[in-house]
Amino acid sequence: MQPNRPARPGPTDPRAAAQQAQLAASLAGAVDLAAVKARSDAAARAAAAPPPAPGAPAGAPGGTVVDVDEATFQTEVIDRSFQVPVVLDLWAEWCGPCKQLSPVLEKLAAEGGGAWVLAKVDVDANPNLAQGLRVQGIPAVKAVWQGQLVAEFSGAIPEEQARQFVTELVGATTGGGLPGGEPAEAEEPEDPRLDAAEAALDAGDLAGAEAAYQQILDVEPAHPVASVAIKQVQLFRRAEAAGPNALVEADAAPDDVAAQTRAADFLLGTGDIDGAFGRLLDVVRRTAGEDRDAARIHLVELFGVVGDEDPRVGAARRQLSAALF
């Protein structure tokens, strides 16, 4: 397992670092702890790149409707998502419903004037992307914002519903503002105390990184980077220790709460947020007393790793409240 470098404070919420690690893990099919550093690099490239060009020909790079393959996915989807939300349209030539939905999405992207980008992916020509994105059927639409998957739907839907989807997406991310429309926020000065933790991460020493972050928190408990980064590192240490056997062991012992929490850690470490939350929610629903409390506490801890900015956290919190009360 390779280490990652939790993002330092800047124009984006450092908590998004954990979410980018999860997206990168999903695309790679395994835990990729280098993804957080990649996220910082992607944000820097996006800051230097021009905004989407509404007048660009359909399908051309840099436009509001772009054709994407494995070679351009990083630039046109991950990097671009640090400017505006990117909506992935996963389609194939033989797919009839795709031919109904795609023109609707293209029309909405043109109307958006650069507030969001439609990235079209031919799943037959790009099977690795389809597999990494866990596409189970097409048409499939997935929204990416600041390197993370934040919303999705499948199947051909009416224009009114598609319009509502993109309107809510833009409202929840940029509020409709175009990149470059306002002066960039000044970056906070870097904290040299983070260097030891980052050096440990670069060396693959997760225990050393955790200790370095803890030293900062002992002095400054609310440190904006260390308080988030230590949760990420602790999760990845638990996920690494659990390993893929955690799922088999948990399925074989559904009443073993410790086994279920290890499996949830592994799932979250590999990017399966819904799977991790769902497993612990099921334990909360099925148990009582100390077992239920242990599952609840662990689930809330995972909420903190993912961050309240992810809509899946809000949905899971509502499910947890319903299960408890």
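**The disulfide and its surroundings**

Modeller: At 2% relative accessibility, Cys95 counts as buried. Please bear in mind that this is a predicted model.

Colleague: To which residue does a disulfide join Cys95?

Modeller: A disulfide is a covalent bond between the sulfur atoms of two cysteines. A search of the whole structure finds 1 disulfide. Its sulfur atoms are 2.3 Å apart, and it joins Cys95 to Cys98.

Colleague: Is Cys98 buried or exposed?

Modeller: The cut-off for a buried residue is a relative accessible area under 20%. The relative accessible area of Cys98 is 2%, so Cys98 is buried.

Colleague: Is the link of Cys95 and Cys98 right-handed or left-handed?

Modeller: The handedness is given together with the angle about the S-S bond, which is 80 degrees for Cys95 and Cys98. The link of these two residues is right-handed.

**The strands**

Colleague: Why is strand β3 described as largely enclosed by the rest of the structure?

Modeller: Strand β3 covers residues 117–122. It is largely enclosed because, of its 6 residues, the number buried is 5.

Colleague: Which residue of β3 is the bridge partner of Val86?

Modeller: Strands β2 and β3 pair in the parallel sense, over 6 bridges. Strand β1 (residues 65–68) also runs parallel to β3, joined to it by 4 bridges, and there Val68 has Val121 as its partner. For Val86, the bridge partner in β3 is Val117.

Colleague: Through which helix does the chain cross from β2 to β3?

Modeller: Val86 has its bridge partner in β3, namely Val117. The β-α-β crossover from β2 to β3 is right-handed, and the chain passes through residues 96–112, which form helix α4.

Colleague: With which side chain does the side chain of Asp89 make a polar contact?

Modeller: Asp89 lies in strand β2, which spans residues 86–91, and it is buried, with a relative accessible area of 0%. Leaving aside neighbours within four places in sequence, its contacts include Ser102, Leu118 and Ala140. The polar contact, at 3.1 Å, is with the side chain of Lys120.

**Backbone details in the loops**

Colleague: Which peptide bond is cis, with omega near 0 degrees?

Modeller: The proline concerned is Pro139, in the loop between α5 (127–132) and β4 (140–145). The cis peptide bond is the one from Ile138 to Pro139.

Colleague: Is Arg134 buried, partly exposed or exposed?

Modeller: Arg134 is found in the loop between α5 and β4. Its phi is near 60 degrees, a positive value in a residue other than glycine. With a relative accessible area of 41%, Arg134 is partly exposed.

Colleague: What is the relative accessibility of Gln146?

Modeller: Gln146 is found in the loop between β4 and β5 (148–154). Although it is not a glycine, Gln146 has a positive phi of about 50 degrees. Gln146 counts as buried, because its relative accessibility is 15%.

**The largest nonpolar core**

Colleague: Which element gives the most residues to the largest nonpolar core?

Modeller: This core has 22 residues, and Leu268, Phe277, Leu299, Leu302 and Phe303 touch the most other members. The elements giving two or more residues to the core are α11 (257–269), α12 (273–286), α13 (289–306) and α14 (311–324). With 7 residues, the element that gives the most is α12.

Key. Residues are numbered from 1 along each chain as its sequence is written. This is a predicted model: local features need pLDDT of at least 70, side-chain atom pairs count only at pLDDT 80 or more; totals for chains, interfaces and linings use all residues. Side-chain values use heavy atoms; hydrogens and water are left out. Buried means under 20% relative accessible area, exposed over 50%, partly exposed in between (1.4 Å probe, protein chains only). A polar contact is a pair of N or O atoms within 3.5 Å; within protein, one must be able to donate a hydrogen and the other to accept it, and residues adjacent in sequence count only if both atoms are side-chain atoms. Contact means heavy atoms within 4.5 Å. A nonpolar core is a set of buried Ala, Val, Leu, Ile, Met, Phe, Trp, Tyr and Cys residues joined through side-chain atoms within 4.5 Å. A disulfide is a pair of cysteine sulfur atoms within 2.5 Å. Two strands pair if DSSP finds at least two bridges between them. A crossover is right-handed if, with the strands pointing away from the viewer, the path from the first strand over the helix to the second runs clockwise.
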